[in-house]
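Please read each point with the structure in view.

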Amino acid sequence: MYELIISTLAATVRLTTPLLLACLAGLYSERSGVFDIGLEGKMLFAAFGAAAISVVTGNAWLGLLGGIGISMIMSVIHAIASITLRGNQVISGVAINFLAQGLTAVLGLAWFHLGGHTPTVPDSGRFTPIIWPYADQIATVPIIGPIYSVLLSGQNILVYIAFLAVPVTYWVLYRTRFGLRLRAVGENPKAVDTAGISVTLLRYRALLITGFLCGIAGAYFSIAQNNAFVNNMTAGKGYIALAALIFAKWRPVPAMFATLLFGFLDALQIRLQGVPLPIINVAVPVQFIQALPYILTCVLLAGFIGKAVGPKAGGIPYSKER
Amino acid sequence: MSARRPLPRWADVALLPVLNLVLALIVSGIVIALIGQNPFDAIRIMTVGAFGNLEGIGFTLYFATDFIFAGLAVAVAAQGGLFNIGAEGQAYLAGLGAIAVGLALDHTSWLLVLPLAIIASGIIGGLWALIPGYLQAKRGSHVVITTIMFNFIASAIMVYLLNYVLKPKGVQEPSSANVVDAGKIPQLRTWFHQFGGAPLNMTIIFAVLAVIFVYVLVWRTKFGFALRTMGHNPAASLYAGISNSRTIMTVMFISGALAGMMAVNEVLGEQARVVIDFTSGFGFVGVAVALMGRNHPFGVALAAVLFGALYQGGIELQFEMPAITRDMIVVIQALVIMFTGAMEGLLRPGLENAFMVFGPKQKAEAAARETVSTEG
């Protein structure tokens, strides 16, 4: 039983990683006052880019770089549309999601002729699990053994990066000048502008960070968790990340817990396929657990359990008045 | 430089969308060229495939039927400043209404089934959109986010129902029972064999009626006035004594109902049963259609035919150019959304300048202004 719990938690951590990265990505963008529905699309682009480059070069780091690159390009497009051209941020995000869905499939078929998949990424092109020292020996120790050898050890480097990104984001957001300005520009861009700081530049920087983190999240799908790109492999995870961001009320540490919760629900859902629950002895439909993150988010948004209020300037393009 | 004048109405309504569409097509053409195909051949194949014969036209209009409903759903909400991105989920769930009527009344006549199925699916779609509407109106949750969430919830509900409740015994794949005989909406090809295999069916009549309905609703009724006022300035409508929350809930119900009606075309008009993801993302096409059609019902109808042609042409393209998949349509769709929706500001300033320079009236006025400023 204990081992089952630990292995479920290990699965939770693996499933949480891309959610967490995407959620933090969205945090930078939305804290700066730019809605980002396009997390999903950026991740999908990155998953494709990372797999394509890893297949060709056989180097995981180059693959990661490729994924980050394409995701950041998409972020710049989003920024041009929503900051420079003052377009509708939601519509721009929707467009990027469709573009990702279509273009990855079209290019995948054209380049690799495998019905839209990439070929299998060689092991050198993947981020493989890192086994911590003495993992095998410690595994036999009761209680902490499994925690060390199954939960902490044996994850790939992107998992550690994702969880490390939480304190880093916290520090950036609350302890640096950039973070202070970022939070200010999402609440009251006029005040920031009056202080002589460029709203445009700040928002562009925030969106570049968003693209960067989404790139890592996307690469995780295709060259860490799996070993190829498959059509639409992000499967709505970008929207779950968005839900988690609301759930966390746009704060980094709660973002980690929210994504862990949603990751746990995902792991549970996989484990519970058709298995009756021990106490009430009925099989909970997995669809219910799948829908739970969305239901919880709506309930929270409605203010029935606490109230989630986003950055005040979110979604509104900033224009100087003459 | 003095402030730009707004575009003349015809340029705003027709010229700018067409230019944006051309821009989207140029970028799509570049993508096609990048994968080593000839974009001009592609356009020719798509046009011939969509309009070349009655079968092609039948398919185009069949898709257009879906897109009219979805586009109107997005457009009518947009008139009130609301972005209903949940047409997909509303239509998906509304399939339940369509199939219920179809299965229950399959021994009567399609003349009875069609209107009742429209009503039933409309009510289910409407109610599904009413919840986000209520949450927006009364609890202040952003309708964009909640409708996205509701798409996923609808999908989970449908997968559950199709797997465990609606699936007849002895059937392997998750689907509802098949509708037979009078439960099906007749396709035009049963009377006119020239339509070949095209699934165009009588549901299109209701799509046309819906276009007229939305036009009358938005521009000829008190509710429509309240809706447009709220869309332009929610504070103004509030001061005018209009209940915004009531307007929001009503329009979300109507929007969801329109999206829901799409299910009739798919479920009873073509597939004769409910299957997983029978809406195949068409609800999202509604976003592109509404943007392209400037949220005006007639524009939506035109844009729906255009997108119907894109989808039908895309199928032909897949046959003729195996290197290109149907996903190319999604790319074009994305670019249309990007250029007509989000990057609208890309061409507008240039166009406004062009009109300032080349428009005779504007030129005269500008000259007059110049003189005044130099004199003053």
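At what angle do helix α3 (residues 60-84) of chain A and α4(A) pack, and how far apart are their axes? The numbered points begin with this pair; the model under discussion is a predicted one.

1. Helix α3 of chain A, residues 60-84, packs with α4(A) at an angle of about 150 degrees, and the two axes are 9 Å apart. Angles over 145 degrees count as roughly antiparallel, and α3(A) and α4(A) are therefore roughly antiparallel to each other. Their crossing is right-handed.

2. Which residues bring α3(A) and α4(A) together? From α3(A) come M74(A), I77(A), H78(A), A81(A) and S82(A), which meet Q89(A), S92(A), G93(A) and I96(A) of α4(A). Sorted by class, this contact has 4 nonpolar and 5 polar residues, with no charged residues.

3. Helix α4 of chain A (residues 89-112) also packs against a helix of the other chain, namely α13 of chain B (residues 327-342). The two axes come within 7 Å and cross at roughly 155 degrees. That angle makes α4(A) roughly antiparallel to α13(B). The crossing of α4(A) and α13(B) is left-handed.

4. In the contact between these helices, the residues of α4(A) include I91(A), V94(A), F98(A), L99(A) and V106(A). Those of α13(B) include M328(B), V331(B), I337(B) and M338(B). By class, the contact of α4(A) with α13(B) has 15 nonpolar, 5 polar and 1 charged residues. S92(A) is among the α4(A) residues that meet α13(B), and S92(A) is also among those that meet α3(A).

5. How many residues does each chain give to the contact between the chains? Chain A gives 37 residues and chain B gives 36. On the side of chain B that touches chain A, at least two residues each are supplied by α5 (110-139), α6 (143-165), α11 (282-292) and α13. The residues on this side of chain B comprise 27 nonpolar, 6 polar and 3 charged.

6. The largest nonpolar core has 223 residues, and those with the most contacts inside it are A244(A) and A70(B). Helix α3 of chain B (residues 54-79) gives the largest share of this core, 16 residues.

7. Which residues does A244(A) touch, not counting residues up to four places away in sequence? With that exclusion, the residues touched by A244(A) are L19(A), C23(A), A255(A), A258(A), T259(A) and F262(A).

Note on methods. Residues numbered from 1 in each chain as written. Chains lettered and ligands numbered in written order. Predicted model: local features only at pLDDT ≥ 70, side-chain atom pairs only at ≥ 80, totals over all residues. Axes fitted to C-alpha atoms, helices over the stretch in contact; angles between N-to-C directions. Helix = DSSP H or I, 4+ residues; strand = E, 2+ residues; numbered from the N terminus. Parallel < 35°, antiparallel > 145°, perpendicular 65-115°, else oblique. Left-handed = near helix turned anticlockwise from the far one by under 90°. Contact = placed C-beta atoms within 7 Å. Nonpolar A, V, L, I, M, F, W, Y, C, P; charged D, E, K, R; others polar. Core = buried A, V, L, I, M, F, W, Y, C linked by C-beta atoms within 7 Å. Buried ≥ 20, exposed ≤ 12 C-beta atoms within 10 Å, placed from the backbone.
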